[in-house]
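Please look over the sequence and the model below before reading on.

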Amino acid sequence: MTELAAISDLPGQPAVYALYGGRGRGLHVAYVGSARDLRARVTQHLIRRDSSITTGVTVAMLNADHVTQVRWWEHPSFSDETHLLAAELIAFAIREPALRSRGQPQEQARQLASDPAFAATMRQLFAGEATGRMTLPTLQD
């Protein structure tokens, strides 16, 4: 697993990611999403704070001040948006986040997520170790 220290070090490529809250045994998945550019999306959530999940546009809101870690998973098929969105659906089931992105996934992504071979590959990916991790410093640190 790649361990990074700064958002600017995140890869600018497609990934499924999880934002975590808490520390140690209290670490929990707060949010799962997908991004065509991981660095830009995490910047949108944690620096600019203008994503729908951080601005309160949705029913539930993510407090970026409580995010302690970002983990992400990469796969060659994620360069195709349908594959990326289908993978995100499977990540929801595996990682069980408190909050999820998007209300309605596209039909093609739902169909691909139900394909047994694709689903098995993605379940194995998300059940395993993340491609990378970035731990955010807090005032307690």
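**Charge and surface**

The protein has 14 positive and 14 negative side chains, and the centres of these two sets lie 4 Å apart. The model described here is predicted, and the points below should be read with that in mind.

- The protein exposes about 7,500 Å² of surface, and 50% of that area is supplied by carbon and sulfur atoms.
- Of the 141 residues of the protein, 44% count as buried.

**Overall form**

- A compact globule with 141 residues would have a radius of gyration near 14 Å, and because the protein has 14 Å, its value agrees with that expectation.
- Along its principal axes, the C-alpha trace of the protein spans about 45 × 35 × 30 Å.
- Among the contacts in the protein with a separation of 6 or more, 71% are accounted for by residues 24 or more positions apart.

**Secondary structure and strand pairing**

- The protein contains five helices and six strands, which follow the pattern β-β-β-α-α-β-α-β-α-α-β when read along the sequence.
- Strand β6, which covers residues 132-135, pairs with strand β1 (residues 2-4) in the parallel sense over three bridges, and T2 stands opposite G132 in β6.
- Strand β4 (residues 67-73) runs antiparallel to β6 and is joined to β6 by four bridges, with Q69 standing opposite T135.
- In a regular strand, the side chains alternate between the two faces of the sheet.
- In strand β6, G132 and M134 form a covered face, whereas R133 and T135 form an uncovered one.

Technical notes:
Residues numbered from 1 in each chain as written. Predicted model: local features only at pLDDT ≥ 70, side-chain atom pairs only at ≥ 80, totals over all residues. Heavy atoms only, no water. Helix = DSSP H or I, 4+ residues; strand = E, 2+ residues; numbered from the N terminus. Rg over C-alpha atoms; globule rule 2.2 N^0.38 Å. Buried < 20%, exposed > 50% of the residue type's maximum accessible area, 1.4 Å probe, protein only. Contact = heavy atoms within 4.5 Å. Areas by Shrake-Rupley, 256 points an atom, 1.4 Å probe, with all protein chains shown as cover. Lys, Arg positive; Asp, Glu negative; His and termini not counted. Charge placed at Lys NZ, Arg CZ, Asp CG, Glu CD. Pairing = 2+ DSSP bridges.
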